[in-house]
Amino acid sequence: MIRRILAVAILLTLVACGGRDSTRGVVIEVEGDLTEVTGFLLRLPDGSDLRLRPAAGILFHDDAPLSHLRDHLRSGEPVEVEYEVLENGTAVAYRIGD
């Protein structure tokens, strides 16, 4: 019984440590063609860069197509991104907003 409780506690701790984060940054690179975005690079406020891959079917919060990232690339206006870093180190964006 105690082993089972301990196992559940460890599992809950691992789940709580993972999950999604959010950040704000300036788009400095967009990968893909005019209609499809396969990745993008954000410059974060601390000066570091974060490369992200969009999750399947992702849109901007206002239902704009993902290619709207190119507008932010040109304007330098920051975006807010909700993302998760997978076990393989890939950062996947699940929500992007102005």
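Select glutamate 82. In this predicted model, glutamate 82 is partly exposed, with a relative accessible area of 23%. Glutamate 82 belongs to strand 4 and arginine 95 to strand 5, so the pair ties together parts that are 13 residues apart in sequence. Arginine 95 is also partly exposed, at 34% relative accessibility.

Next, select Glu29, Glu31, Arg51 and Arg53. Salt bridges with shared partners join these four into one network. How many salt bridges are there by count? The count comes to eight.

**The two strands**

Show residues 79–85 and 91–97. These are strand 4 and strand 5, which pair in the antiparallel sense. To check one, pick glutamate 80: its bridge partner in strand 5 is glycine 97.

**Glutamate 80**

Stay on glutamate 80 and show its side chain. Which residue does glutamate 80 form a salt bridge with? The partner is arginine 24, and the closest N and O atoms are 3.6 Å apart. This pair links distant parts of the chain, with glutamate 80 in strand 4 and arginine 24 in strand 1, 56 residues apart. Glutamate 80 has 24% relative accessibility and therefore counts as partly exposed. Arginine 24, at 36%, counts as partly exposed too.

**The barrel**

Zoom out and switch to cartoon. Five strands form a closed barrel, in the order 1-2-3-5-4, with mixed pairing. Neighbouring strands of this sheet are turned by 55 degrees against each other on average, direction ignored.

**Threonine 23**

Go to strand 1, residues 21–32, and pick threonine 23. Is threonine 23 buried or exposed? Threonine 23 counts as buried, because its relative accessibility of 15% falls under the 20% cut-off. Now show what surrounds this residue, leaving aside neighbours within four places in sequence. Threonine 23 is in contact with Leu42, Leu44, Leu50, Val79, Glu80, Val81 and Tyr83. Glu80 in that list is the residue that forms a salt bridge with arginine 24.

**Leucine 69**

Move to helix 2, residues 69–75, and select leucine 69. Leucine 69 is buried, with a relative accessible area of 0%. Which residues does leucine 69 touch, beyond its neighbours within four places in sequence? The contacts are Val27, Val30, Val37, Phe40, Phe60 and Ile96. Take isoleucine 96 from that set and draw a C-alpha distance to leucine 69. The two C-alpha atoms are separated by 9.1 Å, and the residues lie 27 apart along the chain.

**Along helix 2**

Stay on the helix. Select arginine 74 and aspartate 71. They form a salt bridge, with the closest N and O atoms 2.5 Å apart. Arginine 74 and aspartate 71 are three residues apart in helix 2, so about one helical turn separates them. Compare their exposure. Arginine 74 counts as exposed, because its relative accessibility is 62%. Aspartate 71 is partly exposed, with a relative accessible area of 35%.

Definitions and conventions
Residues numbered from 1 in each chain as written. Predicted model: local features only at pLDDT ≥ 70, side-chain atom pairs only at ≥ 80, totals over all residues. Heavy atoms only, no water. Pairing = 2+ DSSP bridges. Helix = DSSP H or I, 4+ residues; strand = E, 2+ residues; numbered from the N terminus. Axes fitted to C-alpha atoms, helices over the stretch in contact; angles between N-to-C directions. Buried < 20%, exposed > 50% of the residue type's maximum accessible area, 1.4 Å probe, protein only. Contact = heavy atoms within 4.5 Å.
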